[in-house]
Amino acid sequence: TGAGQKLGTSDTPLTLVRRLQYAAGANILQRLPTRLASVMAAMAVGDSRFLTDETKEGYRMAGLSHMLVVSGLHLSILCGYLFIFSRRVFHRRRAAAAVCLGFVLLFMAFTGFSPSIVRSGFVYIFVYLAELFRRKSDVYTSMAIAAIVLVTQNPYACTDVGLLLSFTATFGALASGQLAQRLGLTHRERPLVLAGSKAGQLARRAGRGLLLAALTPLCVTVATLPVLVWAGIGLSLLSLPMNILCVPLLSPIVLCGLLMALPPALPVIGLLGVPASLVGGALLALLEWLTALCAGAAWAWIPLGGAFGLVVILVLYALVFAAVKTRRRRLFAAAAVLMLPLAFALSTALSAGVVQVHVATGGASPSLVVTSGGQAVVLYRGRQTAYAVTRILRQTRTGDCALLIDMRRTAESTEYEALYAPRQIVVVEEDLVSGNVYHPFEPVEVSIIRQGDGSIACVDIAGYKIGLVAGSANLEHYSRLNLMLAGAGTVRGDYDALLATGAVPEW
């Protein structure tokens, strides 16, 4: 309740490890431009402090957001190289397993025991323990123990979208391995019968390799799609080809990032950061170019979400499964093909005339976005929410910003003009003396009330009223609100519910 007092510097083991992680990220920032260095620090050492919303949005549109989070993919790369190196040094598998076991524990602490690393870390811990005791490990048992540990630590972790995506992606990767074995793509000892000329044989071998490379991203996409739809995140149509192109680049990028993370003052070893920065920077520039292409493609992202979308996906999976397992393959396959246009038509009919309200978080004061029929009203409360608003408009495929109301008490920037191209802009502090009422589209009505120390915005949607406040305001003499969207300002008055986005966890 009083003023904060600095008592000292923490010296707990986890704090020291986190300090080491931030130091490694700072070394990377010294060697590359800020935009590329922020991506390199996130990929190599898990330091995502400098990632911008624009960068995250570009990788999400490309279906590559998993590359920005240190996960099992990164750990598998590092453990694979370390196991090969340790085995050549010690000439024993058990000694190499012991080295890798210690590395996994240190790497889990180094990345702050994030759920993605804990899940994959437990799998590798059991793999290397089995090697030490000469037993066999089971990946499903390891994943189950990881899930128990995470949920025991925090019971609400079972509702975290990132955790669900992590586990479902792992199941998809395991399924791809089993499917590859059934298709005969992984049996190298089996002679491959190829008829025709050498060019034809090479073409078939290339097609076989391409199918094997595409199988894992495809299975991971199929496994994670229900979670993405349930969470309302959507689906990237470019996820499969982008993963085939970009995931092989992750291995050299991570190795270059680790070399760049070493202090430049280290004798001889510190000099390795110079060529590593050249190679890693070139690869990151290629990734940036590819993600920029995806971000500019309006058709690259499909906004799927809600219970309706989840039911459609699950029914579609059931039809495909029935087509594979039963004799009536043509019937179920035709039903699966016809279901997609029917579901799209039904979704369009059900959403006609529906008004959606979205909260764009970022900073202390979130913005409010109201969409309906391809049109939007944006109540803007800070440039920290700019890309959150952009993401909402893109997910809802809203291309017409009918009205933008700048609620800030100091409108020092107009970045929204280029981002949203609104047809009408109202800057409350400059354009209004007492207030005004706007009717951007039916059935939405927006009223602005100016007071001495602040402003009140009320969005009336067919009688349901949502309020926002900039500065200090008093609602005691106005009609009761159904919902108040809290921000950095203070408000007095009556409302049925309060939404304080700064205090609500991501889940």
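These legends go with several close-up views of a predicted model.

Local features are described at pLDDT of at least 70 and side-chain atom pairs at pLDDT 80 or more, while totals for chains, interfaces and linings take in all residues. Numbering starts from 1 along each chain as its sequence is written, and side-chain values rest on heavy atoms, with hydrogens and water left out.

**View 1. The whole chain, for orientation.** We count 16 helices and 14 strands in the protein chain; helices (H or I, at least four residues) and strands (E, at least two) are DSSP runs, numbered from the N terminus. Its C-alpha atoms fill a box of roughly 80 × 70 × 45 Å along the principal axes. Of the 507 residues, 40% count as buried, where buried means under 20% relative accessible area, exposed over 50% and partly exposed in between (1.4 Å probe, protein chains only). Take the contacts (heavy atoms within 4.5 Å) between residues at least 6 apart in sequence: 55% of them join residues at least 24 apart.

**View 2. An open sheet of five strands, in the order β3-β4-β5-β6-β7.** The pairing is mixed; two strands pair if DSSP finds at least two bridges between them. At the edges sit β3 (356-360) and β7 (425-427), each pairing on one side only. From one strand to the next the twist averages 15°. Angles run from 0 to 180 degrees between N-to-C directions, and axes are lines fitted to C-alpha atoms, for helices over the stretch in contact.

View 3. β3 pairs with β4 (residues 367-372) in the antiparallel sense, over five bridges. Look for His 358, whose bridge partner in β4 is Val 369. Helix α14 (residues 386-395) packs on this sheet and touches β3, β4 and β5 (375-380). The direction of α14 makes about 150° with that of β3.

View 4. Five bridges hold the antiparallel pairing of β4 with β5, and Val 370 stands opposite Val 377 in β5. Two residues lie between the strands of this hairpin, and Gly 373 takes a positive phi near 60° there. On to β6 (residues 400-406): β5 pairs with this strand in the parallel sense over six bridges, with Val 378 opposite Leu 404. β5 is mostly covered, as five of its six residues are buried.

**View 5. Pro 13 in helix α1.** Helix α1 covers residues 13-29, and Pro 13 is found in it. Is this proline buried or exposed? Pro 13 counts as exposed because its relative accessibility is 63%. Ala 109 is 96 residues away from Pro 13 in sequence, yet 9.0 Å away in space, C-alpha to C-alpha.
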